[in-house]
Amino acid sequence: MLRIPSFTNLPTSGLSHETVALRDKLTTTSREAVTGRYSDLTKQLSGRISHAMLGQKALDDLAVERTQLTLRGSRLDITQSSLAVIQDRTNGLSARMQAAMGSDDQGSKASAARDSRAALEETFSALNTRYGDRYLFAGNATSAPPLASLEDLLSDVRLMAATAVDAADFTASMDTYFNTPGGGWRQNIYSGTETSSDPDAVSGTDPSLIQIVSGLAVMALSGPDETLALFDGNSPAVFAAAETLQSGQTALTNRRADVGISQAQIERRKEALDIEETVLTATFNETTARDQYEAASELRELESNLEASYLLTSRLANLSLMNYLR
């Protein structure tokens, strides 16, 4: 018996394949019209693909370096701001204390002592500053605040003043406390490391900060609310502390200048990256760019063809044998 083939399935099977191909091409062209770049660079560039990939890698490397520079810059900005707080808060205190002792003005001395304590509190707060989860003045021990309680420091200094034989003995004790690896500053107060793998970092053992903290600590304990005979009246120990504070402020100015140089270097490098990126992007676009106007025109043509394909497929699906034979 003669078998009549299914004329309905015969013509539509080929159209279905073409419809799928049109739909895929439409998706690809739509993406290229938006991005302005060929989706399949290997197919489009053939032998030039390695050149394009090198260009892309160079652009990616620039992006990574810019991210790192931005992170460094943000840390330096906060470090600089923290050091500025310390310097601004301590400005004038050394001269005020020296003037008060020179004139034997106990009221002015008490005021300078009170302001020294307030400045010391702000200094501790500034040195415990963090950026994200990183404490900036802790050396490599960045996961925890570097400074302990201010009261612990004042207690240590108070004990040294109470047990010192004279001002020279007290000065020697303070030098050991703040400036030796096994001294009280590193054992009791500062929990960070002395050095840092970050070349931009300022640690809590920086000489300028040590001088400021030690000077402020003595001056803070020289008020009438304390009973330390060594700090009474025109005390040589307090006068020396005021000079130490002044030296620390000068050193801090130089340290802030170092931080400022690093900040300027980062800004110059970011400007250089902008120029490099402009050149590399232009070169990369010459190789990989897809004309968006051309892609949009092709997209409209593909949409028309796909609509026609859908319409033809629908008509063929409904075509009867009698209509087909006509």
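**Chat on a helical chain and its enclosed helix**

Mentor: Twelve of the 14 residues of α9 are buried, so this helix is largely enclosed by the rest of the structure. Keep in mind that the model is predicted.

Trainee: Which residues of α9 are buried?

Mentor: They are S208, L209, I210, I212, V213, S214, G215, L216, A217, V218, M219 and A220.

Trainee: And how far does α9 reach from its first C-alpha to its last?

Mentor: The span of α9 is 20 Å for 14 residues, close to the 20 Å expected at 1.5 Å a residue.

Trainee: Let me back up. How many helices and strands does the chain have?

Mentor: Twelve helices and two strands. Starting at the N terminus, the order is α-α-α-α-α-β-β-α-α-α-α-α-α-α.

Trainee: What share of the chain counts as buried?

Mentor: Of its 326 residues, 39% are buried. The chain exposes about 17,700 Å², and carbon and sulfur atoms supply 53% of that area.

Trainee: What about contacts between residues 24 or more positions apart?

Mentor: Such pairs make up 76% of the contacts in the chain with a separation of 6 or more.

Trainee: Pick one of the core residues. What does V157 touch?

Mentor: Leaving out residues up to four places away in sequence, V157 touches F170, M174, A217, V218 and L221. Two of these, A217 and V218, are among the buried residues of α9.

Trainee: Now T123. Where is it, and is it buried or exposed?

Mentor: T123 is in helix α5. Its relative accessible area is 1%, and the cut-off for buried is under 20%, so T123 is buried.

Trainee: What does T123 touch?

Mentor: I86, V213 and L216, again not counting residues up to four places away in sequence. V213 and L216 are also on the list of buried residues in α9.

Trainee: Changing topic: what is the volume of the largest pocket?

Mentor: About 250 Å³. The lining of this pocket has 15 residues, and T171, M174, D175, S214 and T244 lie nearest its centre.

Trainee: Which helices supply the lining of that pocket?

Mentor: α7, α9 and α10 each supply at least two residues. The most comes from α7, with six. S214, one of those nearest the pocket centre, is a buried residue of α9.

Trainee: How many cavities of 30 Å³ or more are there?

Mentor: One. The largest cavity holds about 110 Å³ of space.

Trainee: Which residues lie nearest the centre of that cavity?

Mentor: R75, T79, L136, D198 and A201, out of 14 lining residues. Both α3 and β2 (134-135) supply at least two residues of the lining, and α3 gives the most, with four.

How values were computed
Residues are numbered from 1 along each chain as its sequence is written. This is a predicted model: local features need pLDDT of at least 70, side-chain atom pairs count only at pLDDT 80 or more; totals for chains, interfaces and linings use all residues. Side-chain values use heavy atoms; hydrogens and water are left out. Buried means under 20% relative accessible area, exposed over 50%, partly exposed in between (1.4 Å probe, protein chains only). Contact means heavy atoms within 4.5 Å. Accessible areas come from the Shrake-Rupley method with a 1.4 Å probe; for residues, only the protein chains shown count as cover. The expected span of a helix is 1.5 Å times one less than its number of residues. On a 1 Å grid over the protein atoms alone, a cavity is a set of points where a 1.4 Å probe fits but cannot get out, and a pocket is an open set with protein on both sides within 12 Å along at least five of seven lines; lining residues have an atom within 4 Å of a point. Grid points are joined across faces, edges and corners, and a volume is the space filled by probe spheres set on the points.
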